Amino acid sequence: MTTTVKAIDVRIGDRLRTRTGLELTVTRIDHGLLGRPEFLSFVEDSDEQWLKMPAPQDGEVELVSRGAR
């Protein structure tokens, strides 16, 4: 089961689902995308995969699970 959260509330370690159904564990959050400062990019850079998911800061994303704090 997933829930929707504001993109600005995503933390390192959170697991997200992309619109295409892929999942990533956030290991890095980049601010700005292609010169657009209003976007965030959630990145998983691990031995398993490299995946980047952009989202507007004021948008919502699908949260699969919260990472450990």
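Guide: Let's look at aspartate 14 and the parts around it. Keep in mind that this is a predicted model, where local features need pLDDT of at least 70, side-chain atom pairs count only at pLDDT 80 or more, and totals for chains, interfaces and linings use all residues. Residues are numbered from 1 along each chain as its sequence is written, and side-chain values use heavy atoms, with hydrogens and water left out.

Aspartate 14 sits in the loop between β1 and β2 (15–17); strands here are DSSP runs of E, at least two residues, numbered from the N terminus. With a relative accessible area of 0%, aspartate 14 is buried (under 20% relative accessible area, 1.4 Å probe, protein chains only).

Its side chain makes a polar contact of 2.5 Å with the side chain of arginine 66 (a pair of N or O atoms within 3.5 Å, one able to donate a hydrogen and the other to accept it; residues adjacent in sequence count only if both atoms are side-chain atoms). The aspartate 14 side chain also reaches the backbone nitrogen of glycine 67, at 3.0 Å. Setting aside neighbours within four places in sequence, the contacts of aspartate 14 (heavy atoms within 4.5 Å) include Asp9, Leu24, Val26, Leu63 and Ser65.

Now for the sheet: four strands, 4 in number, run in the order β1-β7-β2-β3 with antiparallel pairing (strands pair if DSSP finds at least two bridges between them). β1 (3–6) and β3 (23–25) are at the edges with a single partner strand each, so one side of each has no neighbour in the sheet.

How values were computed:
Buried < 20%, exposed > 50% of the residue type's maximum accessible area, 1.4 Å probe, protein only.
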